[in-house]
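User: I'd like to walk through this model with you, one question at a time. Could you show it first?

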Amino acid sequence: MAKQLMKGNEAIAEAAIRAGVEAYFGYPITPQTELLEYMSKRMPELGRVFLQAESEVAAINMVYGAACAGRRVMTSSSSPGISLMQEGLSYIAASHVPVVIVDVMRGGPGLGNIAPSQSDYFQMVKMAGHGDYKPIVLAPATVQEAVDLTALAFDLAERYRTIATVLLDGVLGQMMEPVELPAMRALPTTPPAWAITGAAGRAKNSVVPFRMQADDLEALNLELQRKIAEIARREVRFKEYLIDTTSGSTDKAELIVVAFGTAGRVALSAVKAARQKGICVGLHRPITLSPFPDERLSQLADEARGFLVVEMNAGQMLQDVKLSVGGQAPVRFYGRTGGQVPMPDDIALEIEKLDEMTGHPLDHKIEGPVALRPVDRPARRQETSRTSRN
Amino acid sequence: MTHYDVVFSGFGGQGVLFGSQLLAYAAMEAGLQVTWIPSYGPEMRGGTANCTVVISDEEIGAPLMRRPSAVVALNYPSVQKYEPLIAPGGLLLYNASLTLRQPERTDIRCVPIPASDTAAELGTPKLLNMVMLGALLQITGVLPVEAVEQSLEAHLPAHRRDMLETNKLALRRGAELAQTLSVMA
Amino acid sequence: MIAVEPFTEQVVFQRPRAMTGAPTTYCPGCMHGVAHRLVAEAIDELGIRERAILVAPVGCSVFAYNYFDIDSVVAAHGRAPAMATGLKRVQPDKIVFTYQGDGDLASIGIAEILHAAGRGENLTVIFVNNAVYGMTGGQMAPTTLPGMKTTSSPLGRDTRTMGHPIKMCELLSQLDGAAFIARRSLHSPAEIRKAKKAIVQAFKTQIEGRGFSMVELLASCPTNWDMKPVDALKWIETHMVPIYPLGDYKTRVES
């Protein structure tokens with residue numbers, strides 16, 4: 001199929017339609033409104049459900065209702081709207097029903113502004129709602145990836161009966177890029193056995209987001225944790241650039257930049273520029289922020305001189321990178337907030353600083369306000385990483 | 001390696017969006033990677049609008065840059081805004097019909113195109129964006145004018161089909177102007 | 001030989017098919033049991049058990065899903081009309097109803113109920129108004145009567161600082177999307193029979209696709225009112241009915 005030039009927001013909407021979304025409930029908020037508008041036109045054309053809710057609070061509960069009916073359903077919003085949806089997300093998680101959420105992030109806190117940001121990392125990846133649960137969080141860096149990950153979000157949400165979110169920012173939402181759209185999928189013909197469809201010729205079904213007895217609620221939590229662990233085992237995705245881990249390779253990245261989404265693609269320009277200057281640096285771009293590619297980062301930390309995390313927030317994914325690196329190498333951070341997009345020059349400068357601070361690979365004298373990388377790493381760590389590489 | 005970045009800037013209604021999108025379409029249809037990103041938000045309600053286009057034959061990293069290498073300024077505020085920002089060695093293509101003061105920088109190439117006057121001469125004052133785009137294509141060689149003409153045929157909205165030939169004419173006129181200026185320079 | 005009259009057993013009263021038979025957790029004298037039964041009888045009579053869907057609220061009736069033998073979900077506090085909207089929009093052939101208390105519907109969920117009614121959402125709402133928050137221990141609700149003592153208005157609801165009762169039937173009947181809005185009471189057998197008829201009519205409104213329907217049921221909460229059950233029923237009649245007049249507030253015939 002020929003490529004089309006599409007805006008991120010509209011491409012996601014069309015991708016969801018082609019993935020077979022049967023109902024969309026949403027509320028206008030910049031910078032995701034084109035997604036809602038696109039749905040308002042296309043869904044009725046296809047005889048599917050579109051409804052503009054009275055609030056994000058109502059929208060997420062409509063999504064919850066339609067998901068209980070076993071239907072493929074989604075909503076989209078932007079940061080302040082996502083904050084309002086957190087209550088519903090907690091109920092949805094407790095109910096094990098699949099939903100897809102698209103968050104086109106904008107600057108915060110408060111009303112903030114409508115400029116691009118990545119400051120929903122915590123509220124999406126860690127989930128701001130009450131209780132122990134974790135959604136799947138997919139972070140595209142291109143419009144094509146946004147299309148592909150939207151389809152994947154529906155698959156994963158249904159496979160694991162979980163919340164799957166596509167997390168992007170205003171840049172990707174507003175940007176046009178060539179995309180290849182997938183073919184239109186057939187809608188599911190029969191709802192799953194657990195769905196709330198009326199107890200016709202079968203025992204009644206219930207979808208209940210509570211367990212009054214402690215034993216029962218713990219069992220529900222354990223089931224959620226089992227699911228989270230399974231997802232972590234099977235669904236980690238990331239993309240790496242100029243990181244050559246081949247043993248003995250001279251191209252091996254000694255410095256690793258970690259960035260997702262728009263920050264990730266901007267960082268790619270910076271990494272390429274730094275490589276031209278002879279700095280051995282590569283980019284690790286997580287695609288699943290949840291499950292987080294912690295094992296891979298830990299593996300890279302075995303040999304890397306240092307890490308630079310770049311985000312459009314004050315350092316949120318930074319915490320997960322630090323946990324993954326586990327003190328094996330210094331982790332620096334460069335972030336912009338308020339709707340500022342980091343520029344390649346700025347990131348390139350940070351890479352140079354990291355290079356200076358971590359010194360030559362054979363010289364472990366490091367100065368600067370960065371945690372020292374231990375010269376002798378614990379043997380256990382090395383054992384683990386050798387195993388995982390084989 | 002091909003890598004161009006260009007900012008289109010002008011008043012709302014001057015065709016900033018369509019002119020820049022057309023370039024993006026043409027790049028896509030030529031098999032290149034391309035990103036197109038508008039400024040969005042309160043500034044889209046009147047005032048100066050701008051769109052950034054990056055064209056490359058490799059995966060595009062940053063879709064925005066602090067110092068663009070080329071700027072197509074459709075009005076004077078855009079000249080004022082972008083003249084100081086353009087990367088050294090870059091290009092400022094400006095609508096001389098609406099410019100009150102000549103750009104002063106000597107480390108960039110400043111090319112005046114009387115776009116509004118030219119478009120008015122063609123009887124279609126609104127097509128100043130096409131005149132400027134034609135000039136950009138001629139000066140940078142990023143894509144042949146014919147490629148953009150083909151994209152025009154594919155993407156000119158249905159209710160503007162009657163303007164297809166005039167759009168093409170404006171494009172070519174822009175290219176001719178730029179060529180004449182280049183010869184003179 | 002003595003002729004023995006054959007003994008014939010005739011069932012004159014039994015549990016509605018739409019109820020599970022699980023013992024309820026409601027307090028002695030609580031009217032939820034009666035309200036549940038009326039809803040279940042209406043479902044049976046209309047023959048809609050196999051396509052009925054209950055959206056239970058947060059409050060004492062959070063367990064309603066356990067008592068009705070129909071497909072059920074439990075909503076977040078106040079959000080039942082939104083959740084019901086989602087369920088109904090994707091399967092318009094089903095009969096979706098919410099069962100909500102006054103705190104749930106008239107306080108935290110007032111936006112959701114107003115907009116469901118405003119959209120003319122083809123749903124049925126069973127609204128049980130007992131003028132207090134029951135489950136949390138008898139706090140003031142938006143429907144608490146002026147002067148009424150509750151655990152969060154210990155000196156009585158002072159309308160100057162705590163406002164006036166919100167009358168949902170009066171409010172919702174103003175909306176063009178509302179097709180059937182009625183208030184009934186559960187304080188006497190005669191009123192209970194009338195309540196049943198209204199519930200049947202509300203479901204019929206939905207079956208016929210005529211839009212939003214709601215039956216408000218005035219009910220007692222002897223535990224939190226600190227009254228004997230019989231006194232509580234009398235109190236409904238003497239105190240609640242004057243503030244919340246019974247009757248049909250909206251009966252729109254066309255859809």
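User: Thanks! What is the orientation of α1(C) and α8(C) to each other?
Analyst: A quick note first: this is a predicted model, in which local features need pLDDT of at least 70 and side-chain atom pairs count only at pLDDT 80 or more, while totals for chains, interfaces and linings use all residues. Helices α1 (32–46) and α8 (189–207) of chain C pack with their axes 9 Å apart, at an angle of about 50°; axes are lines fitted to C-alpha atoms, for helices over the stretch in contact, and angles between N-to-C directions run from 0 to 180 degrees. Angles under 35 degrees count as roughly parallel, over 145 as roughly antiparallel, 65 to 115 as roughly perpendicular, and the rest as oblique. The relation of α1(C) to α8(C) is therefore oblique.

User: Is the crossing of α1(C) and α8(C) left-handed or right-handed?
Analyst: For orientation, residues are numbered from 1 along each chain as its sequence is written, and chains are lettered from A and ligands numbered from 1 in the order in which they are written. A crossing is left-handed if the near helix is turned anticlockwise from the far one by less than a right angle, and right-handed if clockwise. For α1(C) and α8(C) the crossing is right-handed.

User: How many nonpolar residues does the contact of α1(C) with α8(C) have?
Analyst: Residues of α1(C), including Val34(C), Leu38(C) and Leu46(C), meet residues of α8(C), among them Ile192(C), Phe203(C) and Ile207(C). Ala, Val, Leu, Ile, Met, Phe, Trp, Tyr, Cys and Pro count as nonpolar, Asp, Glu, Lys and Arg as charged, and the others, Gly among them, as polar. By these classes the contact of α1(C) with α8(C) has no polar residues and three charged ones, and its nonpolar count is 11.

User: Why is one side of β9(A) and of β9(C) left without a neighbour in the sheet?
Analyst: Strands are DSSP runs of E with at least two residues, helices are runs of H or I with at least four, and both are numbered from the N terminus; strands pair if DSSP finds at least two bridges between them. The open sheet has eight strands with mixed pairing, in the order β9(A)-β2(C)-β1(C)-β3(C)-β4(C)-β8(C)-β7(C)-β9(C). β9(A) and β9 (247–251) of chain C are left open on one side because each has a single partner strand and stands at an edge.

User: In which sense do β9(A) and β2(C) pair?
Analyst: Strand β9 of chain A covers residues 206–207, and Ser206(A) stands opposite Ser72(C) in β2(C). Over two bridges, the pairing of β9(A) with β2(C) is parallel.

User: About what angle does the direction of α8(C) make with that of β7(C)?
Analyst: Within this sheet, β1(C) and β3 (95–101) of chain C run parallel and are joined by four bridges, with Leu54(C) opposite Phe97(C). Helix α8(C) packs on the sheet and touches β3, β4 (124–129), β7 (178–185) and β8 (212–218) of chain C. The angle between the directions of α8(C) and β7(C) is about 165°.

User: Which element gives the largest share of the side of chain C that touches chain A?
Analyst: Residues are in contact if their C-beta atoms, placed from the backbone, lie within 7 Å. On that basis the contact takes 27 residues from chain C and 32 residues from chain A. Chain C's side divides into 14 nonpolar, five polar and eight charged residues. The largest share, eight residues, comes from α3(C).

User: And which element gives the largest share of the side of chain B that touches chain A?
Analyst: Here 16 residues of chain B are in contact with 20 residues of chain A. The elements of chain B that give two or more residues are α1 (16–29) and β2 (33–38). Five residues, the largest share, come from β2(B).

User: How far apart are the closest C-alpha atoms of chain B and chain C?
Analyst: Two pairs of chains touch, and the most contacts are between chains A and C. No contact joins chain B and chain C, and their closest C-alpha atoms are separated by 29 Å.

User: How far apart do the C-alpha centres of domain 1 and domain 2 of chain A lie?
Analyst: The domain assignment, whose bounds come from an automatic or database source, gives domain 1 (4–189 + 209–234) and domain 2 (238–389) of chain A. In chain A, 26 residues of domain 1 are in contact with 22 residues of domain 2. The distance between the C-alpha centres of the two domains is 29 Å.

User: Last one: what is the phi of Leu242(A)?
Analyst: Leu242(A) is in the loop between β10 (238–241) and β11 (255–258) of chain A. Although Leu242(A) is not a glycine, its phi is positive, at about 55°.
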